[in-house]
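Colleague: I have a few minutes before the group meeting, could you walk me through this model?
Modeller: Gladly, let me put it up first.

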Amino acid sequence: MLKDNINDLISFMVVARERSFTRAAAQLGVSQSALSHAMRNLENRLDVRLLTRTTRNVAPTEAGEKLYQRLSPHLLEIEQEISALRDSREHPAGNIRLTAGEHAMNEILWPKLKAFMQQYPDINIEVTVDNGLTDIVDARYDAGVRLGEQVARDMIAVRIAPDMRMAVVGSPAYLEKYGVPQTPHDLQQHRCINMRLPTRGGLYAWEFEQNGEPLRVRVEGQLILNCPAATA
């Protein structure tokens, strides 16, 4: 019912403005008979006569004129907003809020920001660097940069970088003193650096792949950090 009223009210506004079913129908892209039928249905639903019809022209009644005058500013405002939306597609402007981890910020976003801002000078960018996997929707971000396995199933995701390969490293002095681990489980006997992500609470389990299957190893060590970049 609401949709019918809105569509018919828009049609009424065009008829009242043009004072002609012929011109109004041409603007709306409908037949004169369909437009006339819609106006009668609107009048019946409102139980008010809005238009006076003669064989030569059509004009709003007193009630119709009052309705036209009240709706005109709002219809104009709607048309202006729609026009502004169209313009925004041709000339992007506004604010963008992004969330990303430190690695994504330094290696992916930062190298591209200068060119983006030069191409779109009317767009302001706010980037929150956060390793805690903040809820993108709940925190009202426009987008976030995440590792593939960290993307929620109901989110729209676009790849922006190739696969990232991780490596276990140690200083030459440490490896000479404690030996080189041969398997992921050997790391449990070494002094490793742990990482704690705010959203996960516990310590991050080091991730490996063995025979095509994921393998997680929890390590021990004196040092715990909350950002991977601090280990660089």
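**Helix H3 and its surroundings**

Modeller: Bear in mind that this is a predicted model. H3 is followed by Asp 47, whose phi is positive, near 60 degrees.

Colleague: What span should the 15 residues of H3 have, and how far apart are its end C-alpha atoms?

Modeller: Helix H3 covers residues 32–46, and at 1.5 Å a residue it should span 21 Å; the C-alpha atoms at its ends are 21 Å apart, which agrees with that expectation.

Colleague: And which residues of H3 are buried?

Modeller: The buried residues of H3 are Leu 35, Ser 36, Ala 38, Met 39, Leu 42 and Glu 43.

Colleague: Why would residues three or four places apart point the same way?

Modeller: Because an α-helix has 3.6 residues a turn, residues with that spacing point the same way.

Colleague: Which exposed residues are on the face turned away from the buried side of H3?

Modeller: That face of H3 carries Ser 33, His 37 and Asn 44, which are exposed.

Colleague: Moving on to the largest nonpolar core, which residues touch the most other members?

Modeller: The core has 17 residues, and those touching the most other members are Phe 12, Val 15, Phe 21, Leu 35, Met 39 and Leu 51. At least two residues of this core come from each of helix H1 (2–18), helix H2 (21–28), H3 and helix H4 (62–90), and H1 gives the most, with 5 residues.

Colleague: What is Leu 35 in contact with, leaving aside its neighbours within four places in sequence?

Modeller: With those neighbours set aside, Leu 35 is in contact with Ser 11, Val 15, Phe 21, Ala 24, Ala 25, Leu 28 and Val 30.

Colleague: Last one, how is the protein chain divided into domains?

Modeller: The assignment gives domain 1 (5–86), domain 2 (89–145) and domain 3 (172–225), and the centres of domain 1 and domain 3, taken over C-alpha atoms, are separated by 72 Å.

Definitions and conventions. Residues numbered from 1 in each chain as written. Predicted model: local features only at pLDDT ≥ 70, side-chain atom pairs only at ≥ 80, totals over all residues. Heavy atoms only, no water. Helix = DSSP H or I, 4+ residues; strand = E, 2+ residues; numbered from the N terminus. Expected span 1.5 Å × (residues − 1). Buried < 20%, exposed > 50% of the residue type's maximum accessible area, 1.4 Å probe, protein only. Core = buried A, V, L, I, M, F, W, Y, C linked by side-chain atoms within 4.5 Å. Contact = heavy atoms within 4.5 Å. Domains from an automatic or database assignment.
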